Amino acid sequence: MDPMSHVVTAFSAQDHAFMGRALQLAARGLYTTDPNPRVGCVLVREGQVVGEGFHARAGEAHAEVLALRAAGEEARGATAYVTLEPCSHHGRTPPCADALAAAGVARVVAAMVDPNPRVAGRGLARLRAAGVQVESGLLEAEARELNPGFIRRMERGRPWVRVKLAASLDGRTAMADGESRWITGEAARADVQRLRARASAVLTAMGTVAADDPRLNLRLTPADLGIDAPVRQPARVVLDRTGRLSPGARLFAPPGGPVWVFTAQEALERQRAALEAAGARVDAVPLRDGHLDLTAVLQALAAREVNEVHLEAGPTLAGALLQAGLMDECVLYLAPHLMGTQARGLFHLPIHDMAGRIPLEIRDVRPVGRDWRLTLQVATPGDGAGTG
């Protein structure tokens, strides 16, 4: 039976309030749950919250289990509000659908069906077969926004790609000679660290490594992120077609996540031994039009359970991702100064007329210190450039 045939769209104000709380709880796992989705759960009986929980780390208890533990016997006859369909399979932990049914929960409201093919409606069907009233679709858009990378990986086989850019008001990202420190202020740079913190991997190109020798690590403390757990360092991913990356690059200095290098087959053996000795993983991907195949790179990252990719690179790689339809989101920090016509632009894009423009949708605008942060997505006709 199609699990979506039981979707209920008329939810009460109380339903909305409790699901809103579940979404708040899920957001507490923003920096820690990777590669799992961020999920929150609230158990309500006779209008009162009797238990709640959120998933914190892969391998640890899921949100539903924590809420059930908090509720105890009060879970019997309760309604469970959960931001993602309860799982139905044995993964790192047992099925949450079975735990809810065994606890005697009377009703389960899921914000969305799990896009994971191993679940994909089976959890709801399992609950329904156990006599539990099941509804889904409440605040689904908000739930999807919490997990863009997990959803993209499950539905399309690649991570969510977020491109970070910093520019002057005239759209310049560096001077003609490459000088770029600092375009934005300290508050914006700290904000970028939070974007890195939520990402599975930070992606860059060899040109950026050669010019800046960046660490691309996370420099915030658990207290900075408001978490009670060690900081999770994202992987550092370098696209190095010709095999130029040196094992002496600052990428290899601790602290930081693993270093993954993608190169062309012809450069693989020349580069592999030295970089692997320094701790990197080196893999070859096919070429497309003389460049590394970006789709192949992203598929390889998805196979490593990478949900969100954070790009910090120059206009060439940013433009290539945008042209290939692989940029999902752009976070642009605009600084209140001008850098002039000789400075470098945001994207390298061979657009020759107005018909070739690439429309973007502004999803959020806010001040960050003395700068402005714009969050944009590529506009898709008919769906409002939404997540998914």
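## Charges over aromatic rings

A charge sits over a ring if NZ of Lys or CZ of Arg is within 6 Å of the ring centre and within 35 degrees of the ring normal. In this predicted model, Arg304 is placed over the face of Trp260, at 4.8 Å from the ring centre. A further case is that of Arg189, which lies over the face of Trp182 at 4.4 Å from the ring centre.

## The aromatic pair

The structure holds 1 aromatic pair. Its members are Phe18 and Tyr81, whose ring centres are 5.6 Å apart and whose planes stand at 40 degrees, so the pair is tilted. Because Phe18 belongs to helix 1 (residues 13–27) and Tyr81 to strand 3 (residues 79–82), the pair ties together parts that are 63 residues apart in sequence. Both Phe18 and Tyr81 are buried.

## A nonpolar surface patch

On the surface, a nonpolar patch is formed by Ile351, Ile358 and Leu360, which together have about 210 Å² of accessible area. Of these residues, Leu360 is found in strand 15 (residues 360–368), and Leu360 counts as partly exposed because its relative accessible area is 38%.

Arg373 is part of strand 16 (residues 371–378), and Arg373 counts as buried because its relative accessibility is 15%, where the cut-off for buried is under 20% relative accessible area. The side chain of Arg373 is joined to the side chain of Asp191 by a polar contact of 2.8 Å.

Terms used:
Residues are numbered from 1 along each chain as its sequence is written. This is a predicted model: local features need pLDDT of at least 70, side-chain atom pairs count only at pLDDT 80 or more; totals for chains, interfaces and linings use all residues. Side-chain values use heavy atoms; hydrogens and water are left out. Rings of Phe, Tyr and Trp (its six-membered ring) pair if their centres lie within 6.5 Å; planes under 30 degrees apart count as stacked, over 60 as edge-to-face and the rest as tilted. Helices (H or I, at least four residues) and strands (E, at least two) are DSSP runs, numbered from the N terminus. Buried means under 20% relative accessible area, exposed over 50%, partly exposed in between (1.4 Å probe, protein chains only). Patches are made of residues with over 30% relative accessible area and no salt bridge: like charges are joined within 9 Å, nonpolar side chains (Val, Leu, Ile, Met, Phe, Trp, Tyr) within 5 Å. Accessible areas come from the Shrake-Rupley method with a 1.4 Å probe; for residues, only the protein chains shown count as cover. A salt bridge is a side-chain nitrogen of Lys or Arg within 4 Å of a carboxyl oxygen of Asp or Glu. A polar contact is a pair of N or O atoms within 3.5 Å; within protein, one must be able to donate a hydrogen and the other to accept it, and residues adjacent in sequence count only if both atoms are side-chain atoms.
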